[in-house]
Every structure is written in C-alpha cells, then in structure tokens.
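Hello,

Here is the structure for you to look over. My notes follow below.

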Amino acid sequence: MKASLVTLRLWAAAIAAVGLVVYGFAEAIETTAEKTKHLQEQQEQLKTQYDEARNSITELKSSFKQLDDLGDTLKSLTQGTEEWQQNLQDINFQVLQLLEKYPELAGEIENVNGKLTISAAGQERFIEAQQNRANDLAKGYYAATMAKNRQDYENAVTDFRTNKFDSSEFVASEAVVKKVVQEVANGNSAILGDRDALSNLLGGMASGEVLDFIQDNTTELQNLAVKLQANTESQSLLAA
C-alpha cells in the first residue's frame with residue numbers, strides 16, 4: 001500500500017525538524033568554541049594595542065626631550081653657520097619623522113622662520129591625548145580579560161559537570177555546581193566535607209548521587225572557586 005501524499009509530506013516535515021534540532025545543537029557547541037576563541041583573540045589584540053600605546057608614550061617623551069635639547073643647542077650657535085644649518089636640519093627631520101608616525105600631531109606643529117617646532121604646551125597636550133587613549137585601551141583589555149576569564153569559568157563548569165564516561169550526560173546540574181562553588185568562593189570550603197550542610201544548601205537538588213559527586217570532587221570544586229574569586233576581584237578592580 002502506497003503512502004498518501006499527505007503522509008509523505010508529514011514524514012518530510014518531521015525529518016526536517018529533527019535535522020534542524022541536530023543542526024542547532026551542533027551550532028550551539030560550535031558557537032561556544034568560537035566565542036572562546038574570539039574572546040581570546042580580542043584579549044590578545046587589546047593587550048598588544050595597550051602595550052604599543054604605553055611604549056609610544058615613553059618614546060614620545062624621549063623624542064620631545066631630544067627636540068628640546070636640539071633647540072637649546074641651536075640657540076647657542078651662530079645663525080647661518082654650517083653647524084647651525086645642520087642642527088636646524090636635524091630638528092626639522094626629527095619633527096617630520098614624528099609627524100610621519102603620528103599624523104594627528106600636525107595640529108601641534110608650527111613653522112617659525114624655517115624651523116619646525118612643537119611647543120611645550122603642544123607636547124603636553126599630545127602626550128595627554130596618548131595617555132587617555134592608553135587608559136581606554138587598558139580598560140578595554142581588562143574588560144576583555146574578565147569576559148575571557150568568565151567564559152573559561154563557564155567552560156570549566158560544563159567540563160566538570162560532564163560524565164567522564166558519557167560526554168552527553170551531566171552528573172550534576174549547572175545550578176548545583178554554581179551554588180556550591182559560590183559558597184566555597186565565599187570562604188566556606190568546609191561545606192564540601194559536611195553532607196548535612198550541603199543538603200541544606202541545595203535543598204531539593206541534593207540527591208544522594210549529587211552529594212556523592214560533590215564530595216568525590218572537592219579539589220575540582222575548590223579550583224572552580226578560585227577561578228570565580230579571580231573573576232570577582234577583577235570586576236571589583238575595573239569598577240574602582
């Protein structure tokens with residue numbers, strides 16, 4: 001007996017629905033891995049940019065000091081002499097090198113009788129702008145580090161909950177693990193050895209299997225608590 005057209009369509013819809021569920025599950029797993037990778041890349045990129053900004057401030061201060069020294073030397077020389085002209089060329093060359101590296105410095109450069117100059121006030125303004133940029137990058141780096149650490153913590157919780165013999169099963173719920181870890185992070189590590197206290201903490205979630213799992217894995221739970229404490233401290237520092 002041949003299946004009716006309606007039945008075939010129902011079968012096709014059911015198969016498609018199952019395919020979407022499977023695809024969605026795979027997509028979720030892939031997204032977690034991609035998110036972790038993205039956070040790592042973002043953290044590294046911001047760290048590099050912050051280091052470069054901080055180093056550029058040191059280099060700028062050194063370059064400005066050299067310009068000031070050259071300017072003082074120029075004042076001590078007789079205008080028009082070969083030595084004076086060479087010193088003037090050195091000053092202009094150094095200013096142009098700075099301009100090439102920092103195009104935004106153009107607004108602080110003046111041409112005074114053929115000599116390119118950056119006033120003390122201009123130097124201070126530019127260094128302050130670079131410092132503000134470095135500060136913003138530092139905040140971005142700290143925020144990215146916190147996000148990465150938080151994702152690492154979430155991944156660690158998931159890995160810990162996973163049945164070592166069947167990766168598709170979780171021994172304890174996320175709520176159970178996080179509740180216990182938070183309690184340990186708050187300074188109550190003794191609870192890991194107190195079955196009654198664990199039962200009171202977890203309430204209806206405290207099955208015998210769950211309590212056994214917790215007390216068989218106290219070291220791992222303490223390690224998770226350390227990760228959580230680090231995240232909390234980082235957030236406090238950034239907020240300050």
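Which helix or strand gives the largest share of the lining of the second largest pocket? α1 does, with 6 residues. (Helices, H or I of at least four residues, and strands, E of at least two, are DSSP runs numbered from the N terminus.)

First, the ground rules. This is a predicted model, with local features needing pLDDT of at least 70 and side-chain atom pairs pLDDT 80 or more, while totals for chains, interfaces and linings use all residues. Residues are numbered from 1 along each chain as its sequence is written, and side-chain values use heavy atoms, without hydrogens or water.

Back to the pocket. A pocket is an open set of points on a 1 Å grid over the protein atoms alone, where a 1.4 Å probe fits, with protein on both sides within 12 Å along at least five of seven lines; lining residues have an atom within 4 Å of a point. Of the 17 lining residues, L67, G71, K75, K115 and T117 are the closest to the centre of the second largest pocket. α1 (5-76), α2 (82-101), β2 (115-118) and α3 (120-161) each supply at least two lining residues.

Next, the cores. A nonpolar core joins buried (under 20% relative accessible area, 1.4 Å probe, protein chains only) Ala, Val, Leu, Ile, Met, Phe, Trp, Tyr and Cys residues through side-chain atoms within 4.5 Å. The largest has 27 residues; F64, L67, V95, L98, L105 and I118 have the most contacts inside it. α1 gives this core its largest share, 9 residues. A second, separate core has 23 residues, including V177 and L221.

Best wishes

How values were computed
Buried < 20%, exposed > 50% of the residue type's maximum accessible area, 1.4 Å probe, protein only.
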